[in-house]
Amino acid sequence: MRYHVRPTASPLIGSVRVPGDKSISHRAVLFSAMADGTSRITGVLDSADVRSTIAAVSALGAVVEIIAEETDGLTLLVHGWGSDGPVEPVGPIDCGNSGTTIRLLLGVLAGWGIHAVLTGDESLSRRPMRRVTAPLAEMGARFETAEGGVAPVGISGSALAPADFDLPVASAQVKTALLLAALRAPGTTTVCEPAPSRDHTERMLPGFGVPVTRDGLCASVTGPTSLTAADVAVPADPSSAAFLVGAALLVRGSDVTLPGISLNTTRIGFLRVLARMGADIDVTQGPDVCGEPTGDVRVRFTERLDGTTITAEEVPSLIDEVPLLAIVATAAVGTTRFEGVGELRVKESDRLAAIADAINALQGGAVATEDTLTVTGGRPLVGAELDSLADHRLAMAFAIAGLVAEGETVIDRFEAVDVSYPGFAGDVKTLMEGTSH
Ligand code: S3P
């Protein structure tokens with residue numbers, strides 16, 4: 001689908017509830033599927049990625065009942081496979097576009113004596129899986145991957161031994177896969193990472209009855225142990241909110257409030273960076289929801305933003321927001337430099353190359369190296385035809401650019417937004433019309 005966008009004459013005004021957090025939704029569904037008993041999950045993101053996880057756990061023997069489909073997400077009852085373990089699936093499990101689904105499932109299945117084949121779409125079939133299969137193989141699981149260590153991945157689970165890992169890359173997907181596998185290994189497994197990646201797993205597992213010991217950049221679990229059903233409420237997704245934050249900052253006269261967002265510090269690096277750039281953003285802390293801090297984010301159009309440097313240390317806390325931040329940086333005074341962003345090259349697309357190409361096509365200034373991105377601010381953007389590369393976050397970042405670029409911007413393969421934020425275009429329209437929900 002081609003999406004046409006022009007600069008808006010009307011500011012974005014009002015409040016919208018962005019959908020449930022994608023990372024937390026995946027984990028809530030998976031942990032419930034692994035648990036003994038019936039879990040109830042509210043506010044689950046209804047998107048293609050989360051549907052992939054629901055279909056996958058169903059193929060493995062969990063029973064997922066969708067008891068409500070509301071605008072603020074799905075309410076699910078999940079009857080887990082629990083201590084009996086997953087059943088061997090009858091055919092390959094299609095993880096669609098979802099890196100979180102495939103990588104976390106590899107950890108979930110590693111310690112059970114069944115064979116499964118995990119596949120995905122064209123994008124997922126290019127993404128590296130060895131970062132998960134290699135450490136899981138050290139624990140005792142066996143894999144066959146396609147050439148280059150990519151999907152389809154065949155997994156034969158078996159008895160696992162605990163291990164200590166020092167991860168070379170800060171990746172919550174890898175960390176989580178290892179911690180989930182470790183639940184089946186007799187003894188303590190410790191996973192240490194070079195910088196703090198999102199910690200939803202560490203926060204959610206105790207609610208399912210599994211203690212997690214944390215020490216700085218390390219997390220440990222002790223197996224063998226099993227999960228017990230829990231009730232989980234999913235807060236709103238800061239990564240989806242980021243696009244509306246960016247729109248409000250760039251469109252003159254805007255004043256937008258986004259309630260109930262997860263304010264987990266491992267996720268809101270983009271708010272810290274924007275504050276440094278001078279953005280007019282107020283955060284009001286709300287209640288903790290299932291171990292996650294939440295609150296309301298109010299953002300107003302900001303006449304002057306200043307360029308900044310985003311260090312490699314900060315990157316894991318804003319990994320999915322780099323495309324949006326790069327678009328915001330085009331409107332800043334001076335240069336914005338992102339350091340240590342090489343991981344973006346192995347996301348749903350090569351986001352580093354794609355964002356630099358798009359900014360240049362819009363007549364801004366951007367240069368990508370192997371692991372840096374430099375954006376020269378202050379050059380007015382001019383509409384262009386851009387390809388999302390079927391990458392949801394690129395599609396939305398380009399749409400925000402189109403709201404301020406002179407003339408028309410056309411985005412190809414815009415349906416990619418369904419991966420994480422199917423209601424994105426509707427929410428932007430709602431804010432432009434000033435009719436909140
Ligand atoms: C995710 C972790 C991140 C992130 C992805 C979701 C998760 O990936 O980019 O969108 O839910 O654990 P990495 O762990 O590979 O950095």
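Let me start with a definition: buried means under 20% relative accessible area, exposed means over 50%, and partly exposed is in between, with a 1.4 Å probe and protein chains only. This is a predicted model, in which local features need pLDDT of at least 70, side-chain atom pairs count only at pLDDT 80 or more, and totals for chains, interfaces and linings use all residues. Residues are numbered from 1 along each chain as its sequence is written, and side-chain values use heavy atoms, with hydrogens and water left out.

Now the salt bridges. The term here is a side-chain nitrogen of Lys or Arg within 4 Å of a carboxyl oxygen of Asp or Glu. By that rule there are 30 salt bridges. Helices (H or I, at least four residues) and strands (E, at least two) are DSSP runs, numbered from the N terminus.

Take Arg-267 and Asp-21, which form a salt bridge with their closest N and O atoms 2.8 Å apart. This pair links distant parts of the chain, 246 residues apart: Arg-267 is in the loop between β15 (255–262) and α8 (269–276), and Asp-21 is in the loop between β2 (13–15) and α1 (22–34). Are the two residues buried or exposed? Arg-267 is buried at 2% relative accessible area, and Asp-21 is buried at 0%.

Next, Arg-2 and Glu-385 form a salt bridge, with the closest N and O atoms 2.8 Å apart. Arg-2 lies in the segment before β1 (3–5) and Glu-385 in strand β22 (residues 385–387), 383 residues apart. Arg-2 is partly exposed at 44%, and Glu-385 is partly exposed at 49%.

There is also a network of salt bridges, which links Arg-127, Arg-198, Asp-320, Glu-348, Arg-351, Asp-391 and Arg-393.

Arg-351 takes us to the helix pair. It is one of the residues of α10 that make the contact with α9; the others on α10 are Ile-355 and Ile-359, and α9 supplies Pro-323, Ala-326 and Ile-327. Contact means heavy atoms within 4.5 Å. By class, that contact has five nonpolar, no polar and one charged residues, where Ala, Val, Leu, Ile, Met, Phe, Trp, Tyr, Cys and Pro count as nonpolar, Asp, Glu, Lys and Arg as charged, and the others, Gly among them, as polar.

How do the axes of α9 and α10 cross? The axes of helix α9 (residues 322–329) and α10 come within 10 Å and cross at roughly 25°. Axes are lines fitted to C-alpha atoms, for helices over the stretch in contact, and angles run from 0 to 180 degrees between N-to-C directions. Angles under 35 degrees count as roughly parallel, over 145 as roughly antiparallel, 65 to 115 as roughly perpendicular and the rest as oblique, so α9 and α10 are roughly parallel to each other.
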